[in-house]
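Hi,

Here is the structure I promised to pass on.

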Amino acid sequence: MSITARDETYMREAIALSLTHLGQTGPNPSVGCIIVRNDEIVGRGVTARGGRPHAEPQAIAEAGEKARGATAYVTLEPCSHHGKTPPCAHALIRAGIARVVVAVADPDPRVSGQGLKILADADIEVTIGILQKEARQALAGYLMRQTRGRPQVTLKLAVSRDGMLGATGAGQIRITGQEARDEVHRLRASSDAILVGIGTAMADDPELTVRLPGLEHASPLRIVLDRRAELSPASKLALSANEVPVILAVSRGAVGNRAALAAMGVEVMEIDGIEDLLAALAQRGISSLMVEGGARVAADLLARGHVDRIHLFGGDGTVGAGGIPSPLLPGRVPAGFALIDEQNFGRDRRQIFERLPASAWI
């Protein structure tokens with residue numbers, strides 16, 4: 001096997017490992033690290049839930065003395081700054097690592113090439129860019145937050161065969177089957193936060209938690225876009241705010257139910273608009289935001305160019321009279337997006353679209 005093929009094989013392992021904690025490591029990115037010696041993986045590490053410890057020291061600890069003279073494969077440039085933990089670049093040096101293979105350089109100005117320089121100055125061989133495209137996909141939320149100052153936004157829509165998201169005044173309507181709904185819970189688990197508009201919150205009274213066995217701990221921060229603070233204190237979101245955090249994003253000076261909600265543990269955040277909310281979430285270390293509804297919120301985010309990915313589920317049933325039309329329909333590629341994946345979940349079909357670079361629109 002060539003050096004390049006070997007590097008790609010082990011970096012692919014590191015990327016797969018990083019995905020296991022996606023959405024659970026904020027404000028830090030979920031990074032994977034594999035340590036290899038004599039073509040044997042002797043250490044594995046992934047950023048721990050909550051963000052610490054980082055991947056590299058965990059992989060080093062597992063490798064022990066076998067780390068000396070080994071190669072470390074890391075999905076993101078090792079950190080070089082002193083924070084709540086010592087720099088990972090120094091940990092790799094102390095462990096006696098001989099070579100470090102990195103997929104993506106870290107755009108964080110506290111790192112931004114400094115981690116690579118520290119390693120090189122210690123006479124460690126450094127290779128950068130192995131499986132960079134795949135690693136950037138895995139780190140997309142973190143990279144978006146660092147470079148654009150907002151989270152990566154994923155819009156999830158479930159659309160009936162007649163093009164509806166639900167029915168006015170009917171509460172929650174099951175448009176997709178259990179297999180598709182389970183996939184939505186997995187998507188929630190890999191997200192830092194989840195957003196709905198007040199219309200959806202009032203009509204559906206959702207929990208917005210992860211309820212798959214083994215993933216209950218992975219419920220994201222829940223956000224309601226609610227200009228007038230109308231969320232009911234009797235809602236499932238309010239009643240569970242002390243168990244899974246809830247943010248109510250309101251207009252400045254809004255009164256409504258904010259006092260009662262705040263007393264129940266709901267955080268009230270005054271914002272000037274959706275851009276203000278996205279910037280505030282990024283400042284809190286939120287890298288990935290999943291948007292589940294409703295139609296108005298989805299259409300507004302699409303119109304403003306703030307949606308980066310779309311997970312569009314097409315259901316087999318119909319809604320009929322009183323249906324709420326979806327801004328997007330299965331089988332039609334939204335303007336400015338490219339279809340990157342299609343998959344069946346039972347009788348339902350999911351399409352994933354990704355926003356094209358601005359240059360591709362011309």
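**What I found**

Thr-209 counts as buried, because its relative accessibility is 10% and buried means under 20% relative accessible area, with exposed being over 50% and partly exposed in between (1.4 Å probe, protein chains only). Before you read on, note that this is a predicted model, where local features need pLDDT of at least 70 and side-chain atom pairs count only at pLDDT 80 or more, while totals for chains, interfaces and linings use all residues. Residues are numbered from 1 along each chain as its sequence is written, and side-chain values use heavy atoms, with hydrogens and water left out.

Back to Thr-209: you will find it in the loop between helix H8 (198-204) and strand E9 (221-225). Helices (H or I, at least four residues) and strands (E, at least two) are DSSP runs, numbered from the N terminus. Setting aside neighbours within four places in sequence, Thr-209 is in contact with His-185, Arg-188, Ser-219, Arg-222 and Val-244, where contact means heavy atoms within 4.5 Å.

Two strands pair if DSSP finds at least two bridges between them. At the E11 end, strand E10 (246-251) pairs with E11 in the parallel sense over five bridges, and Ser-251 has Ile-271 of E11 as its bridge partner.

The other open sheet is made of five strands in the order E2-E1-E3-E4-E5, again with mixed pairing. Its edge strands, E2 (40-46) and E5 (125-128), each pair on one side only. Here, neighbouring strands are turned by 15 degrees against each other on average, direction ignored. E1 (32-37) and E3 (71-76) run antiparallel and share four bridges, with Ile-35 standing opposite Ala-72 in E3. Helix H1 (3-18) packs on this sheet, touching E1, E2, E3 and E4 (99-104), at about 55 degrees to the direction of E3. Helix H4 (114-121) also packs on the sheet, touching E4 and E5, and makes about 150 degrees with the direction of E5.

The buried residues of H6 are Ala-140, Gly-141, Tyr-142, Leu-143, Met-144 and Arg-145. Their cover includes E3, E4, H5, E6 and helix H11 (274-283). After H6 comes Gly-149, with a positive phi near 70 degrees.

Which residues does Asp-108 contact, leaving aside its neighbours within four places in sequence? They are Tyr-142 and Gln-146. Asp-108 itself lies in the loop between E4 and H4, and is buried with a relative accessible area of 5%.

Cheers

Terms used:
Axes fitted to C-alpha atoms, helices over the stretch in contact; angles between N-to-C directions.
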